[in-house]
Amino acid sequence: MSDTLTRLAEVLEARKGAAADSSYVASLYHKGLNKILEKVGEESIETILAAKDAAASGDASDLIYETADLWFHSLVMLAALDQHPQAVLDELDRRFGLSGLAEKAARPQS
Ligand SMILES: N=c1c2ncn([C@@H]3O[C@H](COP(=O)(O)OP(=O)(O)OP(=O)(O)O)[C@@H](O)[C@H]3O)c2ncn1[C@@H]1O[C@H](COP(=O)(O)O)[C@@H](O)[C@H]1O
């Protein structure tokens, strides 16, 4: 799972030197941080609406699609601020360790 984030982070880093009209990510960098944050906000709202629809209809396909958009734009935000997604995964790992669930999951069932 995290391999996808690593490979995507590499592409996002490479887009930093690219011309605005060469790719979607390059165009976002050229528009600046405010535009990137606007996209994160937009995608957050679309994800919430899709979650409501999924709960009502039982069909989660739009929710998965919108969540991918939200994660993607969050990764662009992190890259624009020179942050790597591994730092977020490390933070989640730290919290998982703190909760004691990691040890519980590793322990054989009796
Ligand atoms: N995962 C994604 C990804 N997810 C969503 N999007 C784009 O995000 C945009 C979101 O849709 P919207 O309708 O909200 O946006 P829009 O109308 O195009 O833009 P606005 O004018 O509203 O800002 C669409 O243009 C999608 O194509 C993505 N664009 C790129 N990637 C990945 O990023 C990599 C680099 O992309 P490029 O920089 O385009 O080569 C690609 O190889 C992909 O792996």
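K39 is buried, with a relative accessible area of 14% (buried means under 20%, exposed over 50% and partly exposed in between, with a 1.4 Å probe and protein chains only). This is a predicted model, in which local features need pLDDT of at least 70 and side-chain atom pairs count only at pLDDT 80 or more, while totals for chains, interfaces and linings use all residues. Residues are numbered from 1 along each chain as its sequence is written, and side-chain values use heavy atoms, with hydrogens and water left out.

**Exercise 1.** Find the helix that holds K39 and list the contacts of K39 beyond its sequence neighbours.

*Solution.* Step one: K39 sits in helix α3, residues 33-57 (helices are DSSP runs of H or I with at least four residues, strands are runs of E with at least two, and both are numbered from the N terminus). Step two: set aside the neighbours within four places in sequence, and K39 touches Y24, L28 and H73 (contact means heavy atoms within 4.5 Å).

**Exercise 2.** Work out which residues are closest to the ligand, then look for its polar partners.

*Solution.* Step one: the ligand is surrounded by 13 residues, and R15, S23, Y24, V25 and K39 are the closest (near means a heavy atom within 4 Å). Step two: start with S23, which places a polar side-chain atom 2.6 Å from a ligand oxygen. Step three: move to the backbone, where an N or O atom of Y24 is 3.2 Å from an oxygen atom of the ligand, and a polar backbone atom of V25 is 3.1 Å from a ligand oxygen.

**Exercise 3.** Describe the lining of the largest pocket by class and by helix.

*Solution.* Step one: the largest pocket holds about 270 Å³ of space. Here a pocket is an open set of points on a 1 Å grid over the protein atoms alone, with protein on both sides within 12 Å along at least five of seven lines; lining residues have an atom within 4 Å of a point. Its volume is the space filled by probe spheres set on points joined across faces, edges and corners. Step two: of eleven lining residues, L5, W71, V88, L89 and L92 are closest to the centre of the largest pocket. Step three: α4 gives the largest share of the lining, five residues. Step four: the classes are ten nonpolar, one polar and no charged (Ala, Val, Leu, Ile, Met, Phe, Trp, Tyr, Cys and Pro are nonpolar; Asp, Glu, Lys and Arg are charged; the others, Gly among them, are polar).

Methods:
On a 1 Å grid over the protein atoms alone, a cavity is a set of points where a 1.4 Å probe fits but cannot get out, and a pocket is an open set with protein on both sides within 12 Å along at least five of seven lines; lining residues have an atom within 4 Å of a point. A polar contact is a pair of N or O atoms within 3.5 Å; within protein, one must be able to donate a hydrogen and the other to accept it, and residues adjacent in sequence count only if both atoms are side-chain atoms.
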